[in-house]
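Have a look at the model on the screen while I talk you through it.

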Amino acid sequence: ADFKNYLLHIKTNSNSSSNADFQFQLRTGAGSTSTTGYYGMWVYASYSTSAVAAAGNNNAAQFSFFANALGTNGFNATATIMSPNEARRTMVVSNTARGDVAGTYNGYHDVGTAYTSCVLTVGSGNMTGGTIVFYGYNE
């Protein structure tokens with residue numbers, strides 16, 4: 001990784017499945033994807049009812065940053081990925097909003113390995129249109 005921290009911006013136009021997860025995994029320089037040790041919690045609320053709910057990762061195969069976030073009308077999100085290039089915990093903080101809910105995710109990857117890239121996937125369905133942008137920065 002060229003930078004210490006990364007900022008991820010995602011804007012989708014639509015998704016073929018409602019309430020799908022947008023998932024994130026870290027990869028080493030050798031191209032090996034880490035499939036264990038992801039912990040985190042997404043807490044979100046409905047705009048119309050203010051009902052609060054949560055979804056979590058407990059030693060999962062990936063971060064589900066925006067669990068149930070992808071709606072058929074798309075969503076907007078931003079995430080900060082801290083210190084993936086260092087052989088210690090990688091921390092993640094993100095915020096997301098779509099037409100009916102908004103929430104925040106906080107988590108960490110509990111594997112002491114330095115990573116140089118990542119994999120982004122949709123848990124179900126297809127993301128149809130939008131933008132994904134990564135910005136790298138040093139402290």
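Some housekeeping before that. This is a predicted model, so local features need pLDDT of at least 70, side-chain atom pairs count only at pLDDT 80 or more, and totals for chains, interfaces and linings use all residues. Residues are numbered from 1 along each chain as its sequence is written, and side-chain values use heavy atoms, with hydrogens and water left out.

So, strand S3, which covers residues 38-46. Strands here are DSSP runs of E, at least two residues, and they are numbered from the N terminus. Which residues of S3 are on the covered face, and which on the uncovered one? Tyr38, Gly40, Trp42, Tyr44 and Ser46 make up the covered face, while Tyr39, Met41, Val43 and Ala45 are on the uncovered one.

What does S3 pair with? Two strands count as paired if DSSP finds at least two bridges between them. S3 runs antiparallel to S4 with seven bridges, and in that pairing Tyr44 has Ala53 as its bridge partner. S3 is also antiparallel to S7, this time over nine bridges, with Ala45 opposite Ala102.

The S3 and S4 hairpin has five residues between the strands, and Ser50 there takes a positive phi near 60 degrees. Is Ser50 buried or exposed? Buried is under 20% relative accessible area, exposed is over 50%, and partly exposed is in between, with a 1.4 Å probe and protein chains only. Ser50 has 55% relative accessibility, so it counts as exposed. From Ser50 to Val101 you go 51 residues along the sequence, but their C-alphas are 8.9 Å apart in space.

Now the aromatics. How many aromatic pairs does the structure hold? Six. Rings of Phe, Tyr and Trp (its six-membered ring) pair if their centres lie within 6.5 Å; planes under 30 degrees apart are stacked, over 60 edge-to-face, and the rest tilted. One of the pairs is Tyr38 with Phe63: the centres are 4.9 Å apart and the planes at 80 degrees, so this one is edge-to-face. It links distant parts of the chain, with Tyr38 in S3 and Phe63, 25 residues away, in the loop between S4 (52-60) and S5 (75-82). Both Tyr38 and Phe63 are buried.

Then there's Tyr39 with Tyr108, a stacked pair at 5.1 Å centre to centre and 15 degrees between the planes. Those two are 69 residues apart, Tyr39 in S3 and Tyr108 in S7 (residues 101-109). Tyr39 is partly exposed because its relative accessibility is 21%, and Tyr108 is partly exposed at 23%. There's also an aromatic cluster, made of Phe24, Tyr38, Phe63 and Tyr105.

What sits over the ring of Tyr108? That's the charged end of Arg89, 4.1 Å from the ring centre. The criterion is NZ of Lys or CZ of Arg within 6 Å of the ring centre and within 35 degrees of the ring normal.

Arg89 takes us to the last topic. Salt bridges, meaning a side-chain nitrogen of Lys or Arg within 4 Å of a carboxyl oxygen of Asp or Glu, number five in the whole structure. Arg89 forms one with Asp110, the closest N and O atoms being 2.9 Å apart. Arg89 is in the loop between S5 and S6 (90-98) and Asp110 in the loop between S7 and S8 (117-122), so the pair ties together parts 21 residues apart in sequence.

Another joins Lys4 and Glu139, at 3.6 Å, N to O. Lys4 lies before S1 (5-12) and Glu139 after S9 (130-137), so this pair ties together parts 135 residues apart in sequence. Arg88 and Glu86 also meet in a salt bridge, at 2.5 Å. Finally, Lys4, Glu86, Arg88 and Glu139 are linked in a salt-bridge network.

Conventions: Helix = DSSP H or I, 4+ residues; strand = E, 2+ residues; numbered from the N terminus.
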